[in-house]
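Thanks, everyone, for making the time.

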Amino acid sequence: MSSRRWDPARSFRRFAPALALAAALLLWSGQAPAAVHAEQSPEARAILLKMANFLAEAPGFSVSVRSGYDAIQEDGQRIEFGERRKILLQRPDRLCVEMERSDGEQGLVLFDGRVITAFKADDNVYARVERPGNVDGAVVFLVRDLQMTLPLARMFLTTLPQELENRVESVAYVEENTLFAVPVDHLAARTAEVDLQVWVAQGEQPLPRRVVITYRNAPGQPQFRADFTDWNLAPEAGAADFTFTPPAGAEQIPFLAPVRKGSLPAQEGGQP
Amino acid sequence: MIIQSPLKALSIGTLLFFLLSLPGIADARGGGGRGGGFSRGGAASGGGFSARGASPQVRQPSTRQTGAAQRPTQPSTRQAGAAQRPAQPATGDLRGEAAAQVGASQRQGQRQETATGMQQDRQGAAAGMQQEHQDYRTESREDWQSHADQAREDRQDWAEDEYWDDHWHGHVDEGEAFVAGAVVGATAVAATRPATTYVTVLPCTTSVVIVNGTSYYNCSGTWYSRGYSGGSVVYIVSGPP
């Protein structure tokens, strides 16, 4: 009977090779995804840059953007909020962004080459500030200095190709996606801070159809998602589309911004 | 029966706990009204390509100014360290001189005078060289410091520019802000410079007074007018209308 008693040391010796093999397999399987992630595709990078160049060189466009993002609450709960924007851009110096939030709040931002105007419909107030220059400068000023929300702002700059070249560390080709109106290339890129997925239309007009950004260093790793529809590369737009006419009873209020060295334009009539 | 009773007690207890927890859950969600009280902000709300980190830091420009203000103390600290160095050889020479005086004799005194004279010459020459060396080192250090400061400034400017679309990082609910640039055709501006204080929600229920097309709100003697910050209407502390 004593020979049948379980001996831990003997059992360990008996199964040691199997355990070692299992440990090796576990370690290997843990490293395998990292190897896949690090894989880069020159073809994918070329598609991404082709899209960036196409957008940057476009003399103008209009597009509808339906976006949503995760707002991680204090208790860790993930809530999605949505927004809808219509963007009309005419280079070098005209921009119009109509915005509607999922709670019904509406807003408008206009830039006519000289003045930026922001209108908030619910409060019937608007603010205006002089910012002579091109769309690139106005967009940066809006987001950086006035802290206005303009998702994917870098995609509307002529410097988009350089921005991507500088920021994107790796690009992988995920698949050809056939669920859109046109076949698209699904790309997965990584920067030092975010994971970026872009679905780019195949063909002569490599326009983005969908963008997903994952903020992997932020608590809860929230995502921003945007779907682009109604692309128009030759929108009919005149000066009136970028000129603000205050509605009846609208009150003008000042723009407030935290000070940042060299960011504020000079007073009336001055240069930035 | 023995088994069922504890189960019943457990069920009743669980139900009671759930019912008692409901108000707490409602409070946590902020309940009431059309909105559920959920925060709309967060790292993903701006849809930027950059994200500096987990927690939003408030007032980045102030941090920079503070850092810049502290910088000049660094060279003076190093200067003090450098100034102490020449004292060491001098102390060594004095020790040698004191040792020579212990076994004093005439010859020794003459030798000492000679030695002292030579020593003074050497000391003077050494001090001169040391001074030149010190000047050179101080100059080099200042150049290096200046270069380092410039490089740091460049890096900070680059970093600031790199993260210009990191909307959430600079997000503040209330505080101080400046009226941005030239306010085109404004009829009333609470303050231009220096910074003006604002709140996102008025601290009381108040009636509106409209003067020259501008709305003013009075809360216990403090007057507010409205401003536009980060896509929202905020209330600036202003003077009476």
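In chain B, confidence is lowest in helix α2 of that chain, residues 60–70, where the mean is 31, and highest in β4(B), where it is 93. I start there because this is a predicted model, and where pLDDT is low, the predicted coordinates should not be read in detail. Chain B as a whole averages a pLDDT of 58, with 28% of the residues scoring at least 70. Over residues 54–118 of chain B the pLDDT stays under 50, and for that stretch the model has 34 contacts beyond four places in sequence. Residues 185–192 of chain B are also below 50, with 21 contacts in the model beyond near neighbours in sequence. For the model overall, the scores are ipTM 0.75 and pTM 0.65.

Let me turn to chain A, which contains 4 helices and 13 strands. Of its 272 residues, 36% count as buried, and among contacts in chain A between residues at least 6 apart in sequence, 49% join residues at least 24 apart.

How do helices α2 and α4 of chain A pack against each other? Two packed helices are described by the angle between their axes and the distance between the axes. For α2(A), residues 42–57, and α4(A), residues 160–167, the angle is about 150° and the axes are 8 Å apart. Since angles over 145 degrees count as roughly antiparallel, that is the description that applies to α2(A) and α4(A). On the α2(A) side the residues that meet the partner helix are A:Leu48, A:Leu49, A:Ala52, A:Asn53, A:Leu55 and A:Ala56, and on the α4(A) side they are A:Leu160, A:Pro161 and A:Leu164. By class, this contact has 8 nonpolar residues, 1 polar residue and no charged ones.

Staying with α2(A), its 16 residues reach 22 Å from the first C-alpha to the last, close to the 22 Å expected at 1.5 Å a residue. Its buried residues are A:Ala44, A:Ile47, A:Leu48, A:Met51, A:Ala52, A:Phe54, A:Leu55 and A:Ala56. What they pack against, besides α4, is a set of strands of chain A, namely β7 (170–177), β8 (184–190), β9 (194–201) and β10 (208–215).

Next is helix α3 of chain A, residues 135–145, which is mostly covered, with 9 of its 11 residues buried. Those buried residues are A:Val135, A:Ala138, A:Val139, A:Val140, A:Phe141, A:Leu142, A:Val143, A:Arg144 and A:Asp145, and they pack against β2 (78–90), β3 (94–101), β4 (106–111), β5 (115–120) and β13 (256–257) of chain A.

Which residues does A:Leu142 touch, leaving aside its neighbours within four places in sequence? They are A:Val109, A:Ile116, A:Met148 and A:Leu150. A:Leu142 counts as buried because 23 other C-beta atoms lie within 10 Å, the cut-off being 20 or more. A:Val109, in strand β4 of chain A, is likewise buried, with 24 other C-beta atoms within 10 Å.

A:Gln147, which follows α3(A), has a positive phi near 55°. A:Asn124, in the loop between β5 and β6 of chain A, has a positive phi near 50°, and this residue is partly exposed, with 13 other C-beta atoms within 10 Å. In chain B, B:Asn212 has a positive phi near 50° and lies in the loop between β3 (208–211) and β4 (214–219) of that chain; B:Asn212 is exposed, with 7 other C-beta atoms within 10 Å.

Where does the cis peptide bond fall? The bond joins A:Arg91 and A:Pro92, with omega about 15°, and A:Pro92 is placed in the loop between β2 and β3 of chain A.

Note on methods:
Residues numbered from 1 in each chain as written. Chains lettered and ligands numbered in written order. Predicted model: local features only at pLDDT ≥ 70, side-chain atom pairs only at ≥ 80, totals over all residues. Buried ≥ 20, exposed ≤ 12 C-beta atoms within 10 Å, placed from the backbone. Helix = DSSP H or I, 4+ residues; strand = E, 2+ residues; numbered from the N terminus. Contact = placed C-beta atoms within 7 Å. Axes fitted to C-alpha atoms, helices over the stretch in contact; angles between N-to-C directions. Parallel < 35°, antiparallel > 145°, perpendicular 65-115°, else oblique. Nonpolar A, V, L, I, M, F, W, Y, C, P; charged D, E, K, R; others polar. Expected span 1.5 Å × (residues − 1). pLDDT = per-residue confidence, 0-100.
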